[in-house]
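Here is a short briefing to read alongside the model. Please keep the sequence and the 3D view open as you go.

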Amino acid sequence: MIYILYGYWFASVYRLSGLIVGVMVCINVAQATQQIAVNKPCEKQNSKIISQESHRLGKQLQLWNQAYRLAGSSSISDEAYDQLFNLWRSLQRCQQLPEELPEVLLPEKSQLTMHPIPHTGLKKLNELEVYSWIETRKNIWLQPKVDGVAVTLVYKNGKLISMISRGNSVEGIEWRAKADFIPAIPKQIKYSGMLVLQGELFWRMNGHIQAKSGGVNARNKIAGWLMRKNEPTALEENIGIFIWAWPAGDANPKTQLTLLSEIGFPLAEQYSHKIENKIQAKQLREYYYQGQLPFATDGIVLKNFPAPAASAWQSKQNSWAIAWKYPLRSVLSEVTKLQFNIGRTGRISVVASITPINIDSKTISKVNAGSLSSWEKRDLLVGDKILVSLSGLGSPKIEDVIWRREEREYPETSTLKQFHSLSCLTYTEVCSQQFVARLTWLGKQLRMRGISEATWRQWVENHNLTRLTTWLSEQWQSDLSKGKKHQMLVKQLKMAKDQPVSLWLKGLAIPLTKLQVGKVTDIGMLYDPSWVNSLNLTKLQKKKLANWLAEPEIESILRILSDMKAIQPPIESHQ
């Protein structure tokens with residue numbers, strides 16, 4: 001729920017946002033410890049850094065909260081906010097400082113209205129805590145935790161007289177005028193006396209699957225509509241209402257749900273389930289996470305009936321209802337190391353080592369940070385906090401860098417820009433990575449089996465493998481350590497000699513397409529202008545091919561290939 005409120009930091013009932021209010025009473029330390037990767041800040045950092053980061057992060061959290069409440073939108077997701085808030089709490093705990101953020105003051109011009117009955121808040125528990133809670137209670141009912149904007153509806157003798165935002169749980173903004181433009185909210189019902197309902201305004205969706213699509217910005221759509229300065233001019237059919245609390249309602253939940261349907265609020269009855277055990281709770285949680293729904297959700301809510309009398313309801317006081325949120329789609333982690341890998345073409349890829357996290361039963365300790373240029377644009381350094389998720393294929397990816405350390409220590413990367421598609425065709429210490437990558441690619445194209453990157457690297461480091469064709473030498477092969485494995489590897493090396501010229505050229509990264517390379521049957525064809533013209537290369541492609549052929553090491557390798565294939569190319573005429 002997005003509490004667009006202009007209130008304080010308190011936990012909220014059915015809040016599907018985690019972004020603003022569940023912060024003070026809803027963050028569960030045990031669950032957060034399992035889900036959030038932090039480098040044990042009390043042990044790993046000095047007190048000065050802890051103090052600086054705690055101050056900066058706390059200030060930013062307040063700014064996000066302020067913008068979220070006043071503007072109805074946020075630049076950070078619910079999951080990210082909750083996890084950063086838990087990190088801030090851990091930093092505060094290290095210093096034995098309060099773990100509550102200062103209140104956000106409401107604008108003086110806001111027309112605030114007291115809630116007839118306070119919003120109590122909702123504790124978020126982890127799986128084991130939920131099971132324990134269920135085992136000690138009877139008459140438990142379950143509902144989806146609808147993701148929207150929390151409000152109070154007040155009726156007097158059947159007439160809607162007030163719609164109040166969640167606010168600080170005690171008072172909020174009066175939105176009665178806007179209710180006239182929400183057809184889903186009945187303006188007149190059959191009811192005598194005062195009626196106070198608490199519920200969620202949500203954005204209607206068609207077949208929404210939370211596990212696939214997440215929140216899809218549904219809350220912000222409602223927030224934006226509600227926070228417009230000008231009054232609406234047309235009905236908003238896309239906004240629905242889900243009533244999740246009738247404080248003074250019948251003690252029998254089934255009767256209460258039936259009455260709600262009769263007066264115009266049918267969704268609560270449609271999406272409420274009496275459960276008997278933890279297995280049913282887990283099954284329904286998965287059902288709402290994976291199933292098609294008309295609204296976004298971020299978990300389930302469990303309620304124990306009967307609830308206390310309405311006169312006993314207080315802000316932040318709620319032992320009869322809890323929330324069990326869905327698994328995190330993206331998890332917070334800290335970058336501990338950056339590794340710059342040089343590929344066979346000279347392209348630099350950056351890999352970030354991170355504090356280990358678990359997503360979908362997978363332990364993740366490394367994540368690809370992209371190319372050198374994309375890494376530079378991302379401005380990712382050791383100590384930064386990132387959100388990690390799984391791609392459609394199940395590989396980890398960086399969703400966002402959500403918190404950067406104040407002290408920016410950039411590694412030296414200028415030397416990495418010396419690598420390109422024609423660099424490191426022979427071995428030097430600086431060229432080790434690219435040269436091994438070239439050998440690995442060449443071996444793969446020549447269909448060598450059992451010769452891995454690690455094997456090539458070991459040969460380069462310990463057996464004087466300094467050129468891409470050194471391994472063709474029988475003397476070099478005989479100098480390898482003897483044994484059964486040696487015989488198998490040497491056999492693979494000898495067999496590679498007989499592979500077609502086209503595979504050799506592909507392994508040497510000739511700048512031609514697979515189809516074009518497949519037409520090459522002897523080296524001499526590459527120096528035949530008429531044949532090259534038949535390939536219909538662009539001007540740029542011709543230039544790349546000419547540069548590749550003119551590279552001294554490539555010329556040398558092609559001579560060796562020609563001798564090996566008993567075909568002598570007219571290289572002299574080329575010169």
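Two strands are taken to pair if DSSP finds at least two bridges between them. With that in hand, an open sheet of 4 strands can be read in the order β5-β4-β7-β9, with antiparallel pairing. This is a predicted model, in which local features need pLDDT of at least 70 and side-chain atom pairs count only at pLDDT 80 or more, while totals for chains, interfaces and linings use all residues. Residues are numbered from 1 along each chain as its sequence is written, and side-chain values use heavy atoms, with hydrogens and water left out.

**Overall picture**

- The protein has 22 helices and 18 strands; these are DSSP runs numbered from the N terminus, with helices being H or I of at least four residues and strands E of at least two.
- Of its 575 residues, 52% count as buried, where buried means under 20% relative accessible area, exposed over 50%, and partly exposed in between (1.4 Å probe, protein chains only).
- Among contacts (heavy atoms within 4.5 Å) between residues at least 6 apart in sequence, 70% join residues at least 24 apart.

- Strand β4 (residues 149-156) runs antiparallel to β5, and 6 bridges join them; Tyr-155 has Leu-160 of β5 as its bridge partner.
- Helix α8 (residues 218-226) lies across β4, β7 (194-203) and β9, and runs at about 120° to β7. Such angles run from 0 to 180 degrees between N-to-C directions, with axes fitted as lines to C-alpha atoms, for helices over the stretch in contact.

**The mixed five-stranded sheet**

- A further open sheet is formed by 5 strands in the order β2-β13-β12-β3-β10, and its pairing is mixed.
- At its edges stand β2 (123-124) and β10 (273-275), each with a single partner strand, so one side of each is left without a neighbour in the sheet.
- β2 and strand β13 (residues 321-325) run parallel and are joined by 2 bridges, with Lys-123 opposite Ile-322 in β13.
- Helix α5 (residues 127-135) packs on this sheet, touching β3 (140-146), β10, β12 (297-304) and β13, and its direction makes about 150° with that of β13.

**Strand β17 and its partners**

- Strand β17 (residues 385-390) is mostly covered, with 5 of its 6 residues buried.
- Strand β14 (residues 331-342) pairs with β17 in the antiparallel sense over 4 bridges; Leu-387 in β17 is the bridge partner of Leu-332.
- Strand β18 (residues 396-403) also pairs with β17 in the antiparallel sense, over 6 bridges, and Trp-403 in β18 stands opposite Lys-385.
- The hairpin of β17 and β18 has 5 residues between the strands, and Gly-394 there takes a positive phi near 90°.

**Nonpolar cores**

- A nonpolar core is a set of buried Ala, Val, Leu, Ile, Met, Phe, Trp, Tyr and Cys residues joined through side-chain atoms within 4.5 Å.
- The largest one has 46 residues, of which Trp-456, Trp-459, Trp-471, Leu-505, Trp-548 and Leu-558 touch the most other members.
- Two or more residues of this core come from each of α13 (432-445), α14 (453-462), α16 (484-496), α17 (501-507), α19 (529-533), α20 (539-550) and α21 (552-564).
- Another core, of 38 residues, lies apart from it and includes Tyr-131, Trp-133, Val-146 and Trp-324.
- Leaving aside neighbours within four places in sequence, Trp-548 has contacts that include Leu-422, Leu-505, Pro-511 and Leu-558.

**Helix α16**

- The buried residues in α16 are His-486, Leu-489, Val-490, Gln-492, Leu-493 and Ala-496.
- They cover an arc of only 155° around the axis, which puts them on the same side of α16; the arc is that of the directions from the helix axis to the C-beta atoms.
- These buried residues pack against α14, α15 (474-478) and α17.
- The face turned away from the buried side carries the exposed residues Lys-484, Gln-487 and Lys-491. Gln-487 has a relative accessible area of 56%.
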